[in-house]
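Please find below a set of numbered remarks on the structure, written for a reader who is new to such models. Each remark may be checked against the display.

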Amino acid sequence: MSRLDTSGDDYLARREAMLAKLAELDAEQAKAVAGGGGKYVDRHRARGKLLARERIELLVDPDSAFLELSPLAAWGSDFPVGASVVTGIGVVEGVECVLVANDPTVRGGSSNPWTMRKTLRAADIAFENRLPLINLVESGGADLPTQKEIFIPGGRIFRDLTRLSAAGIPTIALVFGNSTAGGAYVPGMSDHVVMVKERAKVFLGGPPLVKMATGEEADDESLGGAEMHARVSGLADYLAADEHDALRIGRRIVKGLNRRGSGVSPGVVRGPLYDEDELLGIVPEDLRIPFDPREVIARVVDGSEFDEFKPLYGGSLVTGWARLHGHPIGILANARGVLFSEEAQKAAQFIQLANQVRVPLVFLQNTTGYMVGKDYEQGGIIKHGAMMINAVANSSVPHITIVMGASYGAGNYGMCGRAYDPRFLFTWPSAKSAVMGPAQLAGVLSIVGRAAAQARGQVYDEEGDAAMRQLVEAQIEAESLPFFLSGRLYDDGVIDPRDTRTVLGLCLSVVGNAAVGNALVPEPSGFGVFRM
Ligand code: COA
């Protein structure tokens with residue numbers, strides 16, 4: 001039974017605030033979609049090429065959902081929002097695949113430190129969920145001015161490709177344009193390679209570098225053209241007549257992979273009894289005000305049916321069972337922010353139960369962390385928090401985390417924050433995350449500074465203290481906000497609360513790939529498929 005008063009002032013104010021944040025989110029996401037902007041997009045089109053997102057749209061099944069990941073990557077950095085690559089999960093010939101498409105309109109599609117993180121994250125998702133990985137390649141390689149950040153750690157991109165292959169997870173490269181230097185190892189390491197005639201250029205060193213290195217005069221085509229690779233070097237398995245042909249061949253390859261679907265047939269699925277639109281009016285702007293996560297659950301799960309576990313115990317954490325798009329799930333949701341010993345123990349027990357029956361867990365975060373203070377320390381709050389963190393860290397069912405509101409302190413860990421490797425982590429625009437709240441953090445610095453001055457026998461500079469507090473509070477507040485955190489790849493994206501059910505449904509379908517069927521496909525052979 002929902003108690004949400006959708007005509008009340010609180011609801012309307014919260015809804016207004018959320019809509020304002022969503023308008024900001026739209027504006028930031030539009031920057032990623034715009035890629036390199038007018039001049040570079042026009043030039044790209046004038047060359048008769050498709051944009052990264054158009055390539056994806058033509059590759060995936062018509063009218064299927066594409067779950068884009070980290071569109072705000074690089075937000076707040078010196079690089080354009082989106083990090084010159086589009087990643088996500090799309091359905092090709094009925095098979096869920098991870099797609100990684102360079103955006104050649106942004107600095108030639110070159111990879112900066114954020115591009116690298118986004119690409120590595122995509123490979124992790126492919127690995128954990130056993131999804132085929134398709135690279136849509138057209139890139140100037142490493143962003144040369146920031147090479148120090150990417151050259152050495154970026155080697156993992158190629159290692160990942162062959163490790164996926166060795167684990168029986170197919171990798172495909174569709175090469176539309178440049179893929180030079182280290183980039184040449186993307187097709188080099190992939191199981192299946194398609195190159196577009198007269199467009200793909202795949203060489204370790206281009207004509208100027210070859211001239212410098214050996215004095216040899218050579219042109220692009222003889223060094224690394226698609227035709228040469230298809231007929232002479234054997235690096236290309238398929239020569240595509242044009243981009244559309246390459247995408248068609250890509251779809252044929254996926255069709256031939258002999259993949260099973262996620263195997264879950266949800267049957268007839270009932271939607272929630274309450275309107276998903278009402279999710280806009282639940283989280284207060286001031287996160288110190290608690291809200292009931294059951295109101296969220298009622299608008300997300302099938303039939304709004306939630307079987308609560310231990311409802312009378314540890315009331316700051318709501319735990320229970322539900323179905324979402326037919327998939328069974330266990331939910332852990334913070335109710336009043338603070339976690340006490342009872343909540344920690346209840347969580348640990350619940351997580352064990354979910355593992356016993358192999359049911360995925362969904363964490364709905366709104367926590368200020370574990371309770372501090374003499375009574376709680378003496379009551380063993382560290383021990384109990386550690387028990388919950390132990391359970392979360394070692395639980396082997398898939399976890400999916402949604403940060404709805406606060407995510408502070410060790411609460412972030414216990415509720416399966418990024419470092420605890422949930423299969424997916426999405427954030428609402430209302431979220432805030434940091435080691436502690438800005439005022440508390442500035443206050444702690446002030447107390448420490450004052451004590452240090454006293455110890456040195458100095459008079460504490462009160463004016464300086466006030467200025468410091470103000471500065472620190474503003475800094476921590478800015479660094480706690482979702483766009484900033486998403487820019488650093490601390491989540492897989494900021495989502496509209498109204499999309500929560502759809503996003504969770506897609507994620508649950510994806511995590512099912514590893515649970516059934518495809519994990520049983522070929523025994524790992526110890527090596528990726530060697531290109532001959
Ligand atoms: N690092 C940093 N910036 C790069 C870059 C790279 N690897 N590759 C391209 N850019 C920048 C260009 O300087 C240019 O910036 P500007 O518009 O501000 O002048 C912008 O991206 C577009 O490049 P441009 O050369 O005009 O685009 P193009 O589509 O005609 O050609 C490439 C694209 C990738 C073929 C070409 O830029 C190139 O050869 N780059 C270097 C490739 C290389 O040797 N990489 C080695 C990586 S290990």
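1. R358 is placed in the loop that joins α13 (341-356) to β12 (361-367); helices (H or I, at least four residues) and strands (E, at least two) are DSSP runs, numbered from the N terminus. Phi of R358 is positive, near 55°, and R358 is not a glycine. Most residues other than glycine have a negative phi. With a relative accessibility of 48%, R358 counts as partly exposed. Buried means under 20% relative accessible area, exposed over 50%, and partly exposed in between (1.4 Å probe, protein chains only).

2. The model is a predicted one, in which local features need pLDDT of at least 70 and side-chain atom pairs count only at pLDDT 80 or more, while totals for chains, interfaces and linings use all residues. Residues are numbered from 1 along each chain as its sequence is written, and side-chain values use heavy atoms, with hydrogens and water left out.

3. D63 also has a positive phi, of about 65°, without being a glycine. The loop between α3 (52-59) and β1 (67-69) holds D63. Is D63 buried or exposed? Its relative accessibility is 83%, so D63 counts as exposed.

4. On the overall form, the protein has 20 helices and 16 strands. Along the principal axes, the C-alpha atoms fill a box of roughly 75 × 65 × 45 Å. Of the 532 residues, 54% are buried.

5. Contacts (heavy atoms within 4.5 Å) may be considered next. Among those in the protein with a separation of 6 or more, 74% join residues 24 or more positions apart.

6. S139 is in strand β4 and, at a relative accessible area of 9%, is buried. The side chain of S139 reaches the backbone oxygen of G109 at 2.9 Å, and a polar atom of that side chain lies 2.9 Å from the backbone nitrogen of G141. Beyond its neighbours within four places in sequence, S139 is in contact with residues including N102, G108, N178 and T180.

7. D143 lies in the loop between β4 (133-139) and α5 (147-154) and counts as buried at 7% relative accessibility. D143 and P113 are 30 residues apart in sequence, yet their C-alpha atoms are 8.3 Å apart. Leaving aside neighbours within four places in sequence, the contacts of D143 include F79, R107 and I150.

8. Which residues come nearest to the ligand? They are Y40, R43, R47, G140 and A142, out of 15 residues around the ligand; a residue is near a molecule if one of its heavy atoms lies within 4 Å of it. This shell divides into five nonpolar, six polar and four charged residues. Here Ala, Val, Leu, Ile, Met, Phe, Trp, Tyr, Cys and Pro count as nonpolar, Asp, Glu, Lys and Arg as charged, and the others, Gly among them, as polar.

9. An N or O atom in the side chain of R43 is 2.8 Å from an oxygen atom of the ligand. The protein buries 54% of the 870 Å² that the ligand exposes when taken alone, accessible areas coming from the Shrake-Rupley method with a 1.4 Å probe.

Technical notes
Polar contact = N/O pair within 3.5 Å; in protein donor to acceptor, adjacent residues only side chain to side chain.
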